[in-house]
Amino acid sequence: MMALPKKRAISFEKRWSWLNKFGPLLALFLVFFFFAAFNSKIASFNALEIMVLQTVIVGVAAIGMTLVIISAGIDLSAGSIIALSSVVTALLMKDFALDPLVAALGGIAAGLICGLLNGLLITRLRLVPFIVTLGTLLVVRGVAKGLARSIPINAGQTWLSGLLALLPPDRKWMLIPPGAWLMVLLAIIVAGFLRYTKLGRHIFAVGSNEDTARLCGVAVERVKVFVYAAAGTFAGLSGLMLMSYQEQGDPTGAVGLELEIIAAVVIGGGSLSGGEGSILGSLVGAMIMTVIRTGCQLNGWPTWVTQAVTGIVIIVALAVDQLRHSKID
Amino acid sequence: MISRFVPYILCSLTLGFLSCNQGKNAQEELTIAVIPKGTTHMFWQSIHAGAVKAAQELDVNILWVGPEKEDDRQQQITLVDTQILAQVDGIVLAPLDDMALRRPVRTAVTNNIPVVIIDSGLKDSEDIYTSFVATDNREGGRIAARELARLIGGHGKVILLRYQEGSASTDNREQGFLEQIQEFEGITVVSDEQYAGATKAQAQQASENLILRFKASNGMLAVDGVFCPNESSTYGMLQALRRNHLAGKLKFVGFDAAESMIEGLRQDEIHGLVVQNPFRMGYLGVKTMVQHLRGEPVEKRIDTGVTFVGKEDLSRPEIRNLIDPNLEKWLAR
């Protein structure tokens, strides 16, 4: 008789952890079928390709942001880093006539440097991530505008342009643009890294309880620097994607995009108090926002509806998260 | 120890500067402060060049002082206040905000420093400022509508992709466009509810989704024309059309003239751009101020004009001057 309630509790807990894993995916399907009921065009191959295409810029940056949020941090400078990376890549191609591949690596390196700077400021000066990255948000944006003299840089067409563009008819067999495949590949690698490596587990440990992690011998500072450097690098790669999509280095691009990136992570199950989050969830979160935008625009609903619906989804995601926590506790 | 004297030194310096300045007034050598919204954009550099031209022609001094960013209201308010302290003879101002800049402008005028407003309006302040020198944005939208109607032969379906909520100048362009396009009975506006948003990437995404929405099963667009009311929305639409291999397949009228958009015009991907005249705005802003200071009557509202530029116009020298003014001639030292 005593065993029965215990058993029930376990299965209850299991059910919630199942929701934890597949909740965002379930939400994605719900949102998708909701819009498909209004307009079947959203289920066409063309529409799916466009939606994946429009998710990549946020999605790539969200991979890095997930690491930061799991470690109980935040990176507000992501949007500015994206703009800087797009400017650096375009400048290296246009003014220095470098090979597109070298220019792209230069843009990503710029992101890495910004990320390292964030990490070092946070660990060495013992400052709050929110404040440090709020500062670098302005610094990096300023540098991007300065480098570009505040005007967009037209770098011209190279193979980089094809990274994030609708597929030409003879390459439809690829299903989604090369940039999207790159995002999927990186997501699998980083998800594996988080789950199976020591450093990956340490990120969770730091985010769950920093003091305990330190007592257990985790090099907390080193983990943090790594996490911000990784976030900067992924933002840099995302900047390369922006540059490919827009075919311009844009110093005023991606303004406020950090909020969309953070929202993607949170919708995907990331917790701003740290210790929780998944790469798959974050990508699904980014996809949900794209589906809402595309769905509203396909139905000709005004822009304010799109924004309001996206806001509601973020709040519902957080509410479900909160509910789940209270049930498990 | 020295720090104790700093305020006194500053005070005496300021007083000395002020008296110097008043002395200059007596000699009839006018100093006019020109305060733009920003200093780096091509648009503002053209305004600067125009102001320099007027200053040279009319033999006055101009002070070119602008905020570093185009959205720093606080800094612009400080700049206006500083010019009042410095007792310039007049201020030519492009207000960053139609409400926030009213107080400093009023302070200037009560201190006998007249203000000419350029580029963007100041709300309910006709009795304060001397003159308003700017593009007639509503007319710009109307011109776009007339030209788009001509391009599609007077009947068909058109899209208006708006810029952003709360932007006064583009709001007027959108209203002017809708007003005028409704006069054509054969034309229906199939979408005017979408805003492109602040960045080009957002504009491009909104455009892609509009294209998806109006794409027929044969891959062609069920739309004949599109109008975008500023640089970022025009570029986003151009980029989305290109990547859907639809550029040039429908008539496209944009606003403003960035290098990338002129290229689109050359390639027949854009069929017309409505272009403002910032050089003329800077020139007439300073000229109007000088006329006022010299006791001549001036117009309360001066329209600096908008021009429709098609591909065939690109070779005309006056259009070339408009889209690529010789800034070095005026701004080089």
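Modeller: Helices (H or I, at least four residues) and strands (E, at least two) are DSSP runs, numbered from the N terminus. The model is a predicted one, in which local features need pLDDT of at least 70 and side-chain atom pairs count only at pLDDT 80 or more, while totals for chains, interfaces and linings use all residues. Residues are numbered from 1 along each chain as its sequence is written, and chains are lettered from A and ligands numbered from 1 in the order in which they are written.

Chain A holds 12 helices and two strands, and, read from the N terminus, its elements follow the order α-α-α-α-α-β-α-α-α-α-β-α-α-α. Its C-alpha atoms occupy a box of roughly 75 × 55 × 35 Å along the principal axes.

Of the 329 residues in chain A, 48% are buried (20 or more other C-beta atoms within 10 Å of the residue's own, C-beta atoms being placed from the backbone). Among the contacts in chain A with a separation of 6 or more, 77% join residues 24 or more positions apart, a contact being two residues whose C-beta atoms, placed from the backbone, lie within 7 Å.

Chain A also meets chain B, where 27 residues of chain A are in contact with 24 residues of chain B. On the chain B side, helix H7 (200–214), helix H8 (231–243) and helix H9 (259–266) each supply at least two of the touching residues, and H7(B) gives the most, with 10 residues.

Notes. Buried ≥ 20, exposed ≤ 12 C-beta atoms within 10 Å, placed from the backbone.
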